[in-house]
Amino acid sequence: MAQHSFSEHHTRALPADLSAPAFVDQWRKRALIIGVVFFIAAIVLGVFSGDHWNHFLRAWLHGFMLCFGFCCGGLCLLMLQYLTGGKWGLIIRRPLEAMTRTLPLVFLYFLPVGILGMSYGQLYSWRKYADWATALQNHEISADLAHAIHWKHAILNPYGFWGTSLFVFMMCGIYIFFLNRYSLKRDADPEPNVKFWQTRFENISGFGVLFYSIMLFIVAIYWVMSLDPNWYSTVYGFQFLVGQAYGVFALALLTLMALAKAEPIKSTFRITEQHDMGKLCFAFVMLNIYLAFGAFLIIWSGNSPEEIPWYLDRIRGNWGFVATLDFIFHWLLPFTLLLSADLKRIRKRLAVVCCIMILARAIDMFWLIEPNFPDAARNLHWSVGIFEYATLPVAMISFWMAYYFTQLKRRPLVATNDPHLAEILEPEHVHA
Amino acid sequence: MALREGTYGLLAEFDTPTQLVHAAQSAYDSGYRRMDCYTPYAVHGAAEAVGFHKNTVPLVTLIGGLLGAAAMFGMETWISVWAFPLNVAGRPYYSWPAFVVPAYEWTILYAGLSAAFGMLALCGLPQLYHPLFNAPNFRNGATQDKFFLCLESTDPKFDLNDTRGFLDGFTPVSVVEVEY
């Protein structure tokens with residue numbers, strides 16, 4: 001590897017054609033086929049599950065959260081790289097922009113969650129038992145759940161849910177629109193005007209990152225945490241923020257490594273930047289376990305009856321098996337593998353780690369969502385419905401991928417009006 | 001210990017890292033093995049050019065980290081379970097979640113110390129004497145702005161005249177014979 005990089009003595013030329021290679025169309029076709037197959041499987045499971053499509057809807061929420069993570073997590077990372085600068089930011093920019101432009105599809109994914117899950121009360125118990133006094137009388141819910149629904153009504157009500165969700169989608173849409181628009185304008189600028197563009201992107205992104213973080217805290221509470229109205233955790237939103245960056249980095253690295261088989265990424269994506277991004281992945285792997293274990297340790301130490309049931313729901317009744325899988329795939333495997341400097345420089349191996357990381361996101365989301373429901377809490381059991389989690393999210397992510405590849409084809413794959421461009425074309429060993 | 005006598009090696013001085021790496025690579029390709037590059041800062045490709053592929057500092061660091069984790073986790077277990085068992089709010093004596101944070105801290109500490117001292121030890125430091133400091137141009141330039149390649153006399157391929165001729169082919173600033 002090192003011998004190889006040494007032999008590249010000379011500065012490479014920027015390829016004349018920066019558009020995505022033709023095989024991206026093939027990817028899209030494959031993604032669509034996988035999507036259709038798994039979607040049909042999910043429908044069949046939904047018909048046979050006999051639970052009035054409830055598991056289907058749960059799995060839909062699962063798939064929606066993952067796609068939302070890729071799309072808006074991509075937006076957050078896109079803004080972050082404008083703030084931090086760095087050569088990895090230049091090479092990762094166009095894939096991230098393509099991820100953000102999938103927002104319309106993600107919004108479509110949201111609608112069933114909002115309409116069926118919330119408005120019709122099929123997912124969120126605080127909506128289903130909004131009339132908590134009657135439900136309590138009929139012994140449909142416990143006293144503490146009735147108390148939580150009553151007490152948290154100020155936030156957990158349909159107006160709050162819809163208002164916040166639509167506001168977040170609107171604001172993300174505005175940010176995505178302008179970041180994408182200015183990015184093209186920047187490349188088309190006849191004068192480089194580097195300082196002007198850098199300042200403009202920094203000004204948009206600086207506030208944007210802060211704003212997005214706060215908004216994600218709120219929607220993570222609405223969309224996932226409020227499935228269990230009894231429980232609350234102040235680190236919950238931050239865990240989603242880190243989890244999104246974790247998944248987006250893995251996906252962006254996979255995309256770049258797959259695109260590097262052909263121009264223009266072949267001669268612009270150096271092993272140096274790949275190594276740097278591998279290190280960033282490692283950082284997010286650590287940050288993720290730090291938050292997840294920190295939250296667990298604090299609640300375990302506190303051992304208070306308001307908080308600890310959330311973990312018991314997710315550990316007892318065979319859920320410990322999923323929690324262990326989550327630990328292994330989310331931290332143990334990526335951590336031990338990414339420790340190696342060589343692995344981060346070898347594309348095939350790093351690609352395996354990226355796939356593990358994306359799979360880990362799905363396991364983690366399953367572990368977060370499914371035990372919220374009374375039939376599954378402290379009781380991981382086989383049912384037809386549980387297989388929805390293995391089919392519907394795959395279908396939704398595949399359709400999302402197809403859309404992502406379409407967006408990837410829309411623009412040149414390398415942003416050109418950036419001083420880092422000359423640096424990523426230099427040979428690997430120039431900078432010590 | 002008897003002092004060694006004779007020639008330690010031939011030291012070629014270059015102005016740029018590129019020349020150095022090129023010369024080192026060529027020397028390696030033509031069969032020289034006992035040689036080293038000396039530069040004021042880390043030069044990418046220099047280590048690879050002299051055939052240095054794998055350094056063992058990561059392994060030392062890993063072993064240090066694992067030792068640290070095992071030591072602290074073991075100590076906490078020993079204290080909490082056998083040496084001084086305390087009932088903390090009715091939790092079991094062996095409460096592993098509480099042990100993780102100190103064990104993690106010791107992993108970092110041991111790994112960091114192993115990396116630093118392991119690196120020094122593997123570099124053969126501290127070293128009080130090195131023949132190359134007999135060369136005046138090395139003393140002045142190696143930490144400033146010069147790049148050196150030394151082909152050592154212990155190499156079977158080393159021959160004072162041939163090797164000097166070989167090094168001259170790369171148009172170095174100078175080629176100096178270094179005594180022990």
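How many bridges join strand E2(B) to strand E3 of chain B? There are 4, and the two strands run antiparallel.

This is a predicted model, in which local features need pLDDT of at least 70 and side-chain atom pairs count only at pLDDT 80 or more, while totals for chains, interfaces and linings use all residues. Residues are numbered from 1 along each chain as its sequence is written, and chains are lettered from A and ligands numbered from 1 in the order in which they are written.

**View 1. The open sheet of chain B has 4 strands in the order E2-E3-E1-E4, with antiparallel pairing.** Helices (H or I, at least four residues) and strands (E, at least two) are DSSP runs numbered from the N terminus; two strands pair if DSSP finds at least two bridges between them. E2 (35–38) and E4 (174–179) of chain B each have a single partner strand, so one side of each lacks a neighbour in the sheet.

**View 2. B:Tyr38 stands opposite B:Phe148 in E3(B).** Strand E3 of chain B covers residues 147–152.

**View 3. The buried residues of helix H8 (residues 143–151) of chain A are A:Leu145, A:Ala148 and A:Ile149.** They lie on the same side of H8(A), because their arc around the axis is only 100 degrees, taken from the directions from the helix axis to the C-beta atoms. A:Ala143 and A:Trp151 are exposed on the other side. A residue is buried if 20 or more other C-beta atoms lie within 10 Å of its own, exposed if 12 or fewer, and partly exposed in between, with C-beta atoms placed from the backbone.
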